Amino acid sequence: MKFALVFGVMAAVAFLLIFPTPAAVAQEIGYYELTELNYIINENRSVDVQMKFILYIKPAWSISGASWRVPSTSISNVQVWPSPAQLDKVELVENDSIIHVKFQGGLGPNKRLAYNISFTAEGLVSGIGSEYRGILGNRADGGYEHEGSVFRLRHDNYIVVIQGPADSYLFFNDWGQSVENNPPTLRYENSFQAHENFQGLRVRFYNQPAFYRVTLRYPFTNYGSNSTTDLNLDAMLFNSEVPWQFSALIYSSHPIQTMYVDEENNWHGVFRVSELTPGETETITLELLYEVLVHDPGISAEDVGYISDVPASLQEYLKPDDKWESDSSVLKQAAEDAIGTETRVYLAAEKISGYVVNRLNYQVQDNRHGALWAYLNRTGDCSEYTDLSIALARASGIPARAMYGWGYYEEENLRGHAWLEYYFPGVGWQPADPTWDETFKAYFARLDPIHLTRNVRGLSSEESGASYTYYGALPTLSEGETTITPLKRVEAAQEFVRAAQYAVNLADAFLEASPDETLQAKQNDAKQALAQAQAASDENQKILYAKNSLQNANEVIRALGRKPPQPTISIDFEKLFPYLAAVGVVIAVALVAYGISRRRGKG
């Protein structure tokens, strides 16, 4: 007898030991009056499970026991009560544990039995850092075979209750209704006929805020025969406009020359390598601190204005660009197909996201192709999903812009990721991730704390997060390793202090070069808050003081930081000599030909 398991999650599966009379084989043997499955997710991702059943057996049947299959090889503290239900044994079969329950003396015809099973299981909930995800409460009972007939019991009252960790946030679920906020609790009720299946509730809980340390590496190599000098890396660090995220620079392996904020509130740092000798490789390493909250403002269509309400000041976010071909007749027609006659921005944007999800099939691309290519080829990864959404929004008169950063995954540590923001009149910029929405239907005007925003781009469709200038031989920038490390609050507190110290030191350097009394007062406040953070023993107070220090120091940096001027043209004549020689030959040949032509004309 083998029971079906769906997605490898908790299976409330009854294997009944039944002794039917011949005349009763084709009849319903009984049913569950109550099936109640309770899951409590612990901070360490173990799950305490308690199941309650009321089982009724019809006349002409006797049942000696039941078995329950759990998709985990690590269960403990198994208990069965009350008598006559008793634990028989726990059997390991492949990747599952089967709990065998016996009914002492059997359960005879026309009898009713209420019994409970409880245990603790590992592996039912996964995730890392702030995330807790799983699929719990599925019904996958395979039934009992007897002489070619399969018996499955109906469930008249099937209840699933899932409780997340204390202080976590329930971000996503398929069917259930939230009934408590702390701890967040989900409840689902239904009834199932014997032939019906239920695949369970997909849930995602998040502790918030989530803290991360992001390490970026930029390896430069000089493959020439001359030195590279004054190499300056301009790296986008973070965006200060994202209200659900706080970010800061913790560390740089090389001296920082300046920090500045561009027209879309992206913070840049410029870092210098003095010299790269021929054959030398040097890596610039940066560490960033991210504090990220769940963004779930509960916006509805009634909160958002109409397309005609879009401010004139946002016209730049309606223009076409290289990867956002909103002026294409093909994409204009697609936008019309997507939103129809809808003029309310929330509903129109929602339709655009749905249209993109239905239009494209997800497939990782080697290169970014843009909106028109994605539409025509009906495929793409997060870049194409984002580009097509932006182009269709702009073609519809809705401002839209791209967000670039990372999506943190348990399996892969991170994935470079792109999503977008729509502008909602009366509300402001709101995120949407059509790539992930294809799977979870939860990323419209909402975002989880495993989206880390590095930069926002709406004035240009360029997605690069770094550029560099140099003198001498051309250096090669390789793709460096990026790692994201989730932090516990106590670890994050120490990193906040490091970030505040870095910002205070930089602000000091700026003020030394450009004294300002008003900004000096801000810097004094930053230093005082940093001292309080360093002295605080409570991690929450340490974070609070450090953030205060950062905010004051950042005001100084924003005011005094300037984008460095572009260097004068530097030419590596050694590399260019073959090309210059070839050009010289061409010019010489042309002059000779011109002279010959003139002589012939005169003749």
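Strands (E, at least two residues) and helices (H or I, at least four) are DSSP runs, numbered from the N terminus. Asn232 belongs to strand E19, which covers residues 228-239. The model is a predicted one, in which local features need pLDDT of at least 70 and side-chain atom pairs count only at pLDDT 80 or more, while totals for chains, interfaces and linings use all residues. Residues are numbered from 1 along each chain as its sequence is written, and side-chain values use heavy atoms, with hydrogens and water left out.

With a relative accessible area of 12%, Asn232 is buried; that word denotes under 20% relative accessible area, exposed denotes over 50%, and partly exposed lies in between (1.4 Å probe, protein chains only). The Asn232 side chain reaches the backbone oxygen of Asp230 at 3.3 Å. Contact (heavy atoms within 4.5 Å) links Asn232 to Gln257, Val270, Phe271, Arg272, Ser467, Tyr468 and Thr469, when residues up to four places away in sequence are not counted.

The aromatic side chains come next. Rings of Phe, Tyr and Trp (its six-membered ring) pair if their centres lie within 6.5 Å; planes under 30 degrees apart count as stacked, over 60 as edge-to-face and the rest as tilted. The structure contains 26 aromatic pairs. In the pair of Phe53 and Trp68, the ring centres are 4.1 Å apart and the planes lie at 20 degrees, so this pair is stacked. Phe53 is in strand E3 (residues 47-57) and Trp68 in strand E4 (residues 63-70), so their pairing ties together parts that are 15 residues apart in sequence. Both side chains belong to buried residues: Phe53 has 0% relative accessibility, and Trp68 has a relative accessible area of 2%.

A second pair, Phe246 with Phe496, has ring centres 6.0 Å apart and planes at 35 degrees, and is therefore tilted. Because Phe246 lies in strand E20 (residues 245-252) and Phe496 in helix H6 (residues 489-513), the pair ties together parts that are 250 residues apart in sequence. Phe246 counts as buried at 14% relative accessibility, and Phe496 is buried at 0%. Elsewhere, Tyr32, Phe53, Trp68, Phe103 and Tyr115 form one aromatic cluster.

Aromatic rings also meet charged groups. A charge sits over a ring if NZ of Lys or CZ of Arg is within 6 Å of the ring centre and within 35 degrees of the ring normal. Arg359 lies over the face of Tyr375, 3.9 Å from the ring centre, and the charged end of Arg401 sits over the ring of Trp429 at 4.0 Å from its centre.

Side chains of opposite charge can pair when their charged atoms come close. A salt bridge is a side-chain nitrogen of Lys or Arg within 4 Å of a carboxyl oxygen of Asp or Glu, and a search of the whole structure finds 19 of them. One joins Asp156 and Arg154, at 2.7 Å from N to O; Asp156 is partly exposed at 35%, whereas Arg154 is buried at 18%. Arg344 and Glu342 form another, with the closest N and O atoms 3.1 Å apart; here Arg344 is partly exposed at 32% and Glu342 is buried at 14%.

Glu495 is buried at 5%, while Arg498 counts as partly exposed at 34%. Salt bridges that share partners join Arg213, Glu287, Glu495 and Arg498 into one network.

Notes
Polar contact = N/O pair within 3.5 Å; in protein donor to acceptor, adjacent residues only side chain to side chain.
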